[in-house]
Amino acid sequence: MPKTPFQKILFGLLMSVTMAYGMEVFNVAVKEGFTPATVMPASVFRDALYEASFMCLFVFLFSNLWGNRIGQALAKRIVMEEKDNPFFIIVVTSSCTVLVMCPTMSLVASLLFTIFPGRAPSSQLPAVWAGTILKNFPMALLWNLFAAGPLSRLVLKTICKRKGDSTAT
């Protein structure tokens, strides 16, 4: 996990980009009607790249404003850092962060992709938001735990080793 301020910012950027891109691939695929039984064309990945290019900024902003803080505070109610396995601590902290960030980003997505373009009236925002959370939460949790988190930690560790900084684990 990141230790220095530089590592924390870099890890936050890596997580923001990988989470935004993964979730946008999922949402574009769902929007275009792809299921596990169908083959996704490359256009899904291209379209997701466009949306992720600005959504990652929202992820970075909101995770730094409250997502990470609230997620860590919730995790501290469950784990004991001095006694628990580091893997367990990472899983709980990541899960608690998703618990905060998924509703946050679902609200942003509901506004940007449904309410503001006029696809639904603003009076439907609570229903649209709830539906977006229900659709995205399982994917956000699994993507965070099995793809974005491990990839971001690996990249951070690789960069810090090249810089001669061994404090990132």
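Ile70 is found in helix H2, which spans residues 42–76, where helices are DSSP runs of H or I with at least four residues, numbered from the N terminus. At 38% relative accessibility, Ile70 counts as partly exposed, a class that lies between buried (under 20% relative accessible area) and exposed (over 50%), with a 1.4 Å probe and protein chains only. This is a predicted model, in which local features need pLDDT of at least 70 and side-chain atom pairs count only at pLDDT 80 or more, while totals for chains, interfaces and linings use all residues. Residues are numbered from 1 along each chain as its sequence is written, and side-chain values use heavy atoms, leaving out hydrogens and water.

**Contacts of two residues**
- Leaving aside neighbours within four places in sequence, Cys102 is in contact with Ile133, Asn136, Phe137 and Ala140, where contact means heavy atoms within 4.5 Å.
- Asn27 lies in helix H1, residues 5–31, and is buried, with a relative accessible area of 15%.
- Not counting residues up to four places away in sequence, Asn27 touches Lys135 and Asn136.

**Aromatic pairs**
- A search of the whole structure finds 4 aromatic pairs, which are rings of Phe, Tyr and Trp (its six-membered ring) with centres within 6.5 Å, counted as stacked when their planes are under 30 degrees apart, as edge-to-face when over 60 and as tilted for the rest.
- The rings of Phe54 and Phe113 have their centres 6.2 Å apart and their planes at 45 degrees, so this pair is tilted.
- Because Phe54 lies in helix H2 and Phe113 in helix H3, the pair ties together parts that are 59 residues apart in sequence.
- The rings of Phe58 and Phe62, with centres 6.3 Å apart and planes at 15 degrees, form a stacked pair, and both residues lie in helix H2, 4 residues apart, about one turn of the helix.
- Phe58 counts as partly exposed at 29% relative accessibility, whereas Phe62 counts as buried at 15%.
- Tyr50, Phe54 and Phe113 form one aromatic cluster.

Technical notes. Helix = DSSP H or I, 4+ residues; strand = E, 2+ residues; numbered from the N terminus.
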